[in-house]
Amino acid sequence: MIPEEDLEDGGLRMLEVDNRVILPELTHVRLVITASDVIHSFAVPSLGIKADAYPGRLNQLSVLINREGVFYGQCSEICGVLHSSMPIVIESVSLEKFLSWLDAQASFFLLSRQHVSLKKDSISTQNSEVTA
Ligand SMILES: [Cu+2]
(Lines give C-alpha, C1' and ligand atoms only; values in the text may rest on other atoms or scores of the structure.)
Protein backbone atom coordinates (compact mmCIF):
# COMPACT_ATOMS: atom_id res chain seq x y z
CA MET A 1 0.00 0.00 0.00
CA ILE A 2 1.23 3.48 -0.80
CA PRO A 3 1.11 5.81 2.23
CA GLU A 4 -1.26 8.77 1.92
CA GLU A 5 1.58 11.32 1.92
CA ASP A 6 3.19 9.60 -1.09
CA LEU A 7 0.05 9.45 -3.23
CA GLU A 8 0.13 11.17 -6.62
CA ASP A 9 -2.78 13.38 -7.73
CA GLY A 10 -5.81 11.21 -8.33
CA GLY A 11 -4.39 8.30 -6.35
CA LEU A 12 -6.89 6.45 -4.21
CA ARG A 13 -6.22 6.47 -0.46
CA MET A 14 -5.79 2.98 1.03
CA LEU A 15 -6.18 1.36 -2.42
CA GLU A 16 -2.99 2.14 -4.35
CA VAL A 17 -0.21 -0.45 -4.38
CA ASP A 18 3.52 -0.45 -5.14
CA ASN A 19 3.21 -3.13 -7.84
CA ARG A 20 0.04 -3.61 -9.85
CA VAL A 21 -0.93 -6.98 -11.30
CA ILE A 22 -0.68 -6.41 -15.05
CA LEU A 23 -2.92 -8.63 -17.19
CA PRO A 24 -3.74 -8.62 -20.91
CA GLU A 25 -7.28 -7.78 -22.00
CA LEU A 26 -9.34 -10.27 -24.03
CA THR A 27 -7.18 -13.17 -22.85
CA HIS A 28 -8.17 -16.05 -20.58
CA VAL A 29 -5.92 -15.89 -17.53
CA ARG A 30 -5.68 -18.31 -14.64
CA LEU A 31 -4.68 -16.88 -11.27
CA VAL A 32 -3.12 -19.28 -8.76
CA ILE A 33 -3.58 -18.02 -5.22
CA THR A 34 -1.91 -18.99 -1.97
CA ALA A 35 -0.75 -17.36 1.26
CA SER A 36 2.38 -17.63 3.34
CA ASP A 37 1.15 -16.62 6.79
CA VAL A 38 -2.60 -16.68 7.51
CA ILE A 39 -5.84 -17.07 5.55
CA HIS A 40 -6.47 -14.12 3.22
CA SER A 41 -9.15 -13.57 0.62
CA PHE A 42 -8.19 -12.20 -2.80
CA ALA A 43 -11.15 -10.10 -3.89
CA VAL A 44 -11.66 -7.67 -6.77
CA PRO A 45 -15.41 -6.95 -6.82
CA SER A 46 -15.40 -4.96 -10.06
CA LEU A 47 -14.12 -8.08 -11.86
CA GLY A 48 -16.42 -10.39 -9.92
CA ILE A 49 -13.58 -12.45 -8.49
CA LYS A 50 -12.92 -13.60 -4.95
CA ALA A 51 -10.94 -16.58 -3.69
CA ASP A 52 -9.56 -17.57 -0.33
CA ALA A 53 -5.79 -17.82 -0.02
CA TYR A 54 -4.66 -20.56 2.36
CA PRO A 55 -1.09 -21.24 3.49
CA GLY A 56 0.08 -24.53 1.96
CA ARG A 57 -2.78 -24.77 -0.54
CA LEU A 58 -3.27 -23.51 -4.09
CA ASN A 59 -6.57 -22.01 -5.15
CA GLN A 60 -7.31 -20.85 -8.69
CA LEU A 61 -9.50 -18.40 -10.53
CA SER A 62 -10.12 -17.85 -14.22
CA VAL A 63 -10.55 -14.33 -15.45
CA LEU A 64 -11.29 -12.77 -18.82
CA ILE A 65 -11.14 -8.97 -18.80
CA ASN A 66 -13.03 -7.44 -21.72
CA ARG A 67 -11.42 -4.00 -21.69
CA GLU A 68 -8.41 -2.01 -20.62
CA GLY A 69 -8.68 -0.42 -17.20
CA VAL A 70 -7.73 -0.42 -13.56
CA PHE A 71 -9.62 -2.61 -11.10
CA TYR A 72 -9.33 -2.21 -7.33
CA GLY A 73 -9.86 -4.75 -4.60
CA GLN A 74 -8.77 -5.65 -1.10
CA CYS A 75 -8.24 -8.66 1.09
CA SER A 76 -11.74 -9.53 2.29
CA GLU A 77 -10.79 -11.78 5.18
CA ILE A 78 -10.20 -10.43 8.68
CA CYS A 79 -6.62 -11.67 8.56
CA GLY A 80 -4.84 -9.67 11.23
CA VAL A 81 -3.91 -6.20 12.46
CA LEU A 82 -2.78 -5.06 9.00
CA HIS A 83 -5.89 -6.40 7.28
CA SER A 84 -6.94 -2.92 6.21
CA SER A 85 -3.55 -2.44 4.52
CA MET A 86 -3.91 -5.13 1.86
CA PRO A 87 -5.16 -3.49 -1.33
CA ILE A 88 -5.10 -5.25 -4.71
CA VAL A 89 -4.84 -3.47 -8.06
CA ILE A 90 -5.24 -5.26 -11.38
CA GLU A 91 -4.40 -3.25 -14.50
CA SER A 92 -5.70 -4.61 -17.78
CA VAL A 93 -3.74 -3.56 -20.88
CA SER A 94 -3.70 -4.48 -24.55
CA LEU A 95 -1.82 -7.64 -25.50
CA GLU A 96 0.91 -5.57 -27.21
CA LYS A 97 1.45 -3.45 -24.09
CA PHE A 98 1.41 -6.60 -21.95
CA LEU A 99 4.10 -8.26 -24.07
CA SER A 100 6.34 -5.19 -23.99
CA TRP A 101 5.82 -4.95 -20.20
CA LEU A 102 6.74 -8.64 -19.94
CA ASP A 103 9.94 -8.03 -21.96
CA ALA A 104 10.87 -5.15 -19.66
CA GLN A 105 10.28 -7.34 -16.59
CA ALA A 106 12.35 -10.17 -18.07
CA SER A 107 15.20 -7.76 -18.84
CA PHE A 108 15.04 -6.35 -15.32
CA PHE A 109 15.16 -9.79 -13.68
CA LEU A 110 17.85 -11.00 -16.08
CA LEU A 111 19.99 -7.97 -15.20
CA SER A 112 19.30 -8.58 -11.52
CA ARG A 113 20.41 -12.22 -11.85
CA GLN A 114 23.57 -11.19 -13.71
CA HIS A 115 24.30 -8.66 -10.98
CA VAL A 116 23.92 -11.38 -8.33
CA SER A 117 26.09 -13.86 -10.27
CA LEU A 118 28.71 -11.15 -10.80
CA LYS A 119 28.72 -10.56 -7.06
CA LYS A 120 29.12 -14.31 -6.47
CA ASP A 121 32.00 -14.43 -8.99
CA SER A 122 33.78 -11.57 -7.27
CA ILE A 123 33.31 -13.29 -3.91
CA SER A 124 34.68 -16.58 -5.20
CA THR A 125 37.54 -14.76 -6.91
CA GLN A 126 38.36 -13.02 -3.65
CA ASN A 127 38.24 -16.36 -1.81
CA SER A 128 40.49 -18.09 -4.36
CA GLU A 129 43.01 -15.26 -4.07
CA VAL A 130 43.05 -15.70 -0.34
CA THR A 131 43.47 -19.47 -0.52
CA ALA A 132 45.99 -19.49 -3.40
CU1 LIG B 1 -5.46 -10.53 4.25
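Guide: A residue is called buried if 20 or more other C-beta atoms, placed from the backbone, lie within 10 Å of its own, exposed if 12 or fewer do, and partly exposed in between. This is a predicted model, where local features need pLDDT of at least 70, side-chain atom pairs count only at pLDDT 80 or more, and totals for chains, interfaces and linings use all residues. Residues are numbered from 1 along each chain as its sequence is written.

Visitor: What share of the protein is buried?
Guide: Of the 132 residues, 9% are buried.

Visitor: Why are S3 and S6 called paired?
Guide: Two strands pair if DSSP finds at least two bridges between them. Strand S3 (residues 40-44) and strand S6 (residues 69-75) are joined by 2 bridges, so they pair; they run antiparallel. Phe42 has Cys75 in S6 as its bridge partner.

Visitor: How do you know that S1 and S7 pair?
Guide: There are 4 bridges between S1 and strand S7 (residues 87-93), therefore the pair qualifies; these strands run parallel. Val21 is bridged to Ile90 in S7.

Visitor: What makes the pairing of the sheet mixed?
Guide: The open sheet has 5 strands in the order S1-S7-S6-S3-S4. S1 and S7 run parallel, whereas S6 and S7, joined by 6 bridges, run antiparallel.
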